[in-house]
Amino acid sequence: MKSVAMLQSNYIPWKGVFDLINRVDVFVFYDDVQFTKRDWRSRNKIPTANGDLWLTVPVITKGKRSQLICETEIDLSSNWQTKHHKTLSLNYMKAPYFIDYSQLLEDFYLKERWENLSRMNQYMTKYICELLQIDTLFYSSEQFAVSGDKDGEKVIKICEKLGCNRFLNGPASKAFMDETKFQAAGIELEYMEYDYVEYTQLYQPFNHNVSILDLLFMTGPKAAEYIFGTGETE
């Protein structure tokens, strides 16, 4: 059985995204769908001494209400990359493994001026997958040039093109997936269950729903254990 998952690209995603990717043979960045403002596509958060802080990528939306994620351009008029690099560096400078992953921040924010949101998100996600030793095969949905409605038709077409007969999806999608269509296509439909142990964070109360950068800076080489449950944790 060949498994696949599809998800819109996220900015420095939380650990659940990497858990999903690790559980399948093929992962598709589902970015030829409409971009939504104030969503995980262009922002994520980190815990700080003053509570959770949103890190937001400025994107151009004026006059582009129906633009797709893969079409969304980053607003180059602001110096957001330097600001995010500085914010993350100052916030995590006392984290146990910050020095070990400082190169990651340089590669993300200082080596290239990003113009397209989707390409940046995909680069960052793949980069972190390499650190976590995830060997899943990646595609982008626009490569397949298929259409369909929200109840799963488009997803099914991509599954068929990839030769996948098991589709793993996030729990939030249960509300709009027509399971009978997957059954008719011979595709087994499953949903993720996110259940993780806590780790030491710099600030309390503990929050699972933050960027994976927090887990990397705080647990270093043990990060995969906290996501995949492959070994002992603290």
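Student: Let's start with Leu213. Which helix is Leu213 found in?

Tutor: Leu213 is found in helix α7, which covers residues 212–219. Keep in mind that we're looking at a predicted model.

Student: Is Leu213 buried or exposed, and how do I read that?

Tutor: The idea is to look at the relative accessible area, where under 20% counts as buried. Leu213 has 0%, so it is buried.

Student: Which residues is Leu213 in contact with, leaving aside its neighbours within four places in sequence?

Tutor: They are Ile12, Leu88, Leu104, Leu105 and Ile128. Take Ile128: Leu213 is 85 residues away from Ile128 along the chain, yet their C-alpha atoms are separated by 9.0 Å.

Student: Let's zoom out. How many helices and strands does the chain have?

Tutor: There are eight helices and seven strands. The C-alpha trace spans about 55 × 50 × 30 Å along its principal axes, and buried residues make up 51% of the chain's 234 residues.

Student: How do I read the sheet? In what order do the strands stand?

Tutor: The order is β5-β2-β1-β6-β7, an open sheet of five strands with parallel pairing. At the edges are β5 (137–140) and β7 (188–191); each has a single partner strand, so one side of each is left without a neighbour in the sheet. From one strand to the next, the twist averages 25°.

Student: What about strand β1: why is it largely enclosed by the rest of the structure?

Tutor: Strand β1 is residues 3–7, and four of those five residues are buried, so the rest of the structure largely encloses β1. With β6 (residues 166–169), β1 pairs in the parallel sense over three bridges, and Ala5 has Leu168 of β6 as its bridge partner. With β2 (residues 26–29), β1 pairs in the parallel sense over four bridges, and there Val4 stands opposite Val26.

Student: Which strands does α1 touch?

Tutor: Helix α1 packs on the sheet, touching β1, β2, β5 and β6, and its direction makes about 150° with that of β1. Helix α5 (residues 153–162) lies across β1, β2, β5 and β6 as well, running at about 140° to β1.

Student: Now the backbone. What should I look for?

Tutor: Most residues other than glycine have a negative phi, and most peptide bonds are trans. Now look at the exceptions here. Arg38 has a positive phi, near 55°, and lies in the loop between β2 and β3. Gln133 has a positive phi too, near 60°, in the loop between α4 and β5.

Student: Are Arg38 and Gln133 buried or exposed?

Tutor: Arg38 counts as exposed at 64% relative accessibility, and Gln133 counts as exposed at 72%.

Student: Which peptide bond is cis?

Tutor: The one from Gln204 to Pro205, with omega near 0°. Pro205 lies in the loop between β7 and α7.

Key. Residues numbered from 1 in each chain as written. Predicted model: local features only at pLDDT ≥ 70, side-chain atom pairs only at ≥ 80, totals over all residues. Heavy atoms only, no water. Buried < 20%, exposed > 50% of the residue type's maximum accessible area, 1.4 Å probe, protein only. Helix = DSSP H or I, 4+ residues; strand = E, 2+ residues; numbered from the N terminus. Pairing = 2+ DSSP bridges. Axes fitted to C-alpha atoms, helices over the stretch in contact; angles between N-to-C directions. Contact = heavy atoms within 4.5 Å.
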